[in-house]
Amino acid sequence: MDITDPKAMRALAHPLRIQLLEVVGIHGPITAARASEYVNESPSNCSFHLRTLAQHGYIERAPGATGRNKPWQITDITQNFNRDQADPDAELAAVALSDVFQNWEFERMRAGRHLPVPEAWKGHLYDSGSTLFLTPEEVDGFAANFQQLIAPYIGRITDPAQRPEASAPVRVFMATTLAHDLMHKDTKE
């Protein structure tokens, strides 16, 4: 899903909504009460935030929802947005979403460092970063290659039958950011 609407960006720019979107994607169809168990929030608070996500097309009611059992399902497991928008309102919303999204990612990584790693996973988790000299077109290609790299695993998110027995949820995060502090003063524009 490509997110371009400023209102949709603002709706997602909330840490609990990002977390709920992931819970719905991985464990859905899921009710607000069940989702609340994963995020340590009340069912009514989760219900409010899930309805907000639905208003902007991120999730929808699962088929056959009846009575009090009204589970939610994700509409698209990927969310893409560009921080550089032509519309000033959209650009502000994209920057806010980017800030919340990156803070959420980094807090999750920090918290994970203090938890024990199962023996089978030791030596398999890593952090990596590189400063590269790329053209704008090469950055586009880099992002396309990343999407192509993860594509074979996307179905496992929403279909538990596709998950290998030894698999576990592993968060993969990629961001491209200009290293302004390393640029020559005459090339920053």
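1. Basis of the note. The model is a predicted one, in which local features need pLDDT of at least 70 and side-chain atom pairs count only at pLDDT 80 or more, while totals for chains, interfaces and linings use all residues. Residues are numbered from 1 along each chain as its sequence is written, and side-chain values use heavy atoms, with hydrogens and water left out.

2. Overall fold. The chain has seven helices and four strands, where helices (H or I, at least four residues) and strands (E, at least two) are DSSP runs numbered from the N terminus. Along the sequence these elements follow the pattern β-α-α-α-α-β-β-β-α-α-α. Taken along the principal axes, the C-alpha atoms fill a box of roughly 65 × 45 × 30 Å.

3. Of the 189 residues, 23% are buried; buried stands for under 20% relative accessible area, exposed for over 50% and partly exposed for what lies in between, with a 1.4 Å probe and protein chains only. Among contacts (heavy atoms within 4.5 Å) with a separation of 6 or more, 60% are made by residues 24 or more positions apart.

4. Helix α2 against helix α5. The axes of α2 (residues 15-27) and α5 (residues 88-112) come within 9 Å and cross at roughly 70°; such axes are lines fitted to C-alpha atoms, for helices over the stretch in contact, and the angles run from 0 to 180 degrees between N-to-C directions. The two helices are therefore roughly perpendicular, given that 65 to 115 degrees counts as roughly perpendicular, under 35 as roughly parallel, over 145 as roughly antiparallel and the rest as oblique. On the α2 side the contact is made by P15, I18, Q19 and E22, and on the α5 side by V100, F101, W104 and R108. These residues divide into five nonpolar, one polar and two charged, with Ala, Val, Leu, Ile, Met, Phe, Trp, Tyr, Cys and Pro taken as nonpolar, Asp, Glu, Lys and Arg as charged, and the others, Gly among them, as polar.

5. Helix α2 against helix α3. The axes of α2 and α3 come within 10 Å and cross at roughly 115°, and α2 is therefore roughly perpendicular to α3. This crossing is right-handed. L16, Q19, L20, V23 and H27 of α2 meet A35, Y38 and V39 of α3, and the residues of this contact comprise six nonpolar, two polar and no charged.

6. Helix α5. Its 25 residues should span 36 Å at 1.5 Å a residue, in agreement with the 36 Å between its end C-alpha atoms. Buried in α5 are A90, A93, A94, L97, S98, V100, W104 and E105, and what covers them includes α1 (6-12), α2 and β4 (80-81). S98 has a relative accessible area of 6% and, leaving aside neighbours within four places in sequence, is in contact with F81 and R83.

7. Backbone details for checking. G28 and P29 are joined by a cis peptide bond with omega of about -5°, and P29 lies in the loop between α2 and α3 (32-39). N40, in the loop between α3 and α4 (43-55), has a phi near 55°, which is a positive value in a residue other than glycine. N40 is exposed, with a relative accessible area of 69%.

8. A buried loop residue. A62 sits in the loop between β2 (59-61) and β3 (72-74), yet counts as buried at 6% relative accessibility. Leaving aside neighbours within four places in sequence, A62 is in contact with P29, P71, W72 and Q73. A62 and I30 are 32 residues apart in sequence, with 8.5 Å between their C-alpha atoms.

Conventions
The expected span of a helix is 1.5 Å times one less than its number of residues. A crossing is left-handed if the near helix is turned anticlockwise from the far one by less than a right angle, and right-handed if clockwise.
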